[in-house]
Amino acid sequence: MLDELSSLIATGIEDVTLVMFAACNTLRIVAYVPQIYKAATDINGASAISRTTWSLFLVANLSTVAYALVNRSDPWLAVCFFVNAVCCVAIITASWRTARRHARRLNPVVQLARIEPMGPCGIQTPPRLNG
């Protein structure tokens, strides 16, 4: 009787942890959407988004995919963390593009800069004054 009760409790705990894991990861995937949107549309060049941190999250998710496939033989766990990895790539890419777009808007002179002719020995000649 005691063994049956212990088995029932253990099964109940396994079910509860599975439901919690599934619910939290579903919410996490949904939570990526506003972050991706903000990274793509931020008017300050996505300066508040750390691509280093998101790259670390990407590596962590990919290592969990490998762990799920190699150590656990669990393709569903691998799929879950692969989707997380794809979302990390989306955030990194969107923030990078937004930052580049912002930098170009702030510094149009760099795009339009005129290269002065080079003098002897590779020394740049001074600009000519009109007048």
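Helices here are DSSP runs of H or I with at least four residues, numbered from the N terminus. With that settled, I can start.

What we have is a predicted model, in which local features need pLDDT of at least 70, side-chain atom pairs count only at pLDDT 80 or more, and totals for chains, interfaces and linings use all residues. Residues are numbered from 1 along each chain as its sequence is written, and side-chain values use heavy atoms, with hydrogens and water left out.

First, the pocket. A pocket is found on a 1 Å grid over the protein atoms alone, as an open set of points where a 1.4 Å probe fits, with protein on both sides within 12 Å along at least five of seven lines; lining residues have an atom within 4 Å of a point. The largest pocket holds about 180 Å³ of space, the volume being what probe spheres set on the points fill. Its lining is Leu18, Phe21, Arg72, Asp74, Trp76, Leu77 and Cys80. Helix 3 has the largest share, three residues. By type, the lining has five nonpolar residues, two charged and no polar, with Asp, Glu, Lys and Arg counted as charged.

Next, the core. A nonpolar core is a set of buried Ala, Val, Leu, Ile, Met, Phe, Trp, Tyr and Cys residues joined through side-chain atoms within 4.5 Å. The largest one has 12 residues, including Tyr32, Trp54, Leu58 and Cys88. Helix 1 (2-41), helix 2 (51-70) and helix 3 (75-106) each give two or more residues to this core. Helix 3 gives the most, six. Apart from this core lies another, of six residues, among them Val65, Ala68, Ala78 and Cys80.

Take Cys88, which sits in helix 3. Is Cys88 buried or exposed? Cys88 counts as buried because its relative accessibility is 0%, where buried means under 20% relative accessible area with a 1.4 Å probe, protein chains only. Leaving out residues up to four places away in sequence, Cys88 touches Tyr32, Trp54, Phe57, Leu58 and Asn61, contact meaning heavy atoms within 4.5 Å. Cys88 and Asn61 are 27 residues apart in sequence, and 8.8 Å apart C-alpha to C-alpha.

Last, Asn25, in helix 1. Asn25 is buried too, at 6% relative accessible area. Beyond its neighbours within four places in sequence, Asn25 is in contact with Cys80, Phe81 and Asn84. The side chains of Asn25 and Asn84 are joined by a polar contact of 3.4 Å, that is, a pair of N or O atoms within 3.5 Å, one able to donate a hydrogen and the other to accept it; residues adjacent in sequence count only if both atoms are side-chain atoms.

Key:
Buried means under 20% relative accessible area, exposed over 50%, partly exposed in between (1.4 Å probe, protein chains only).
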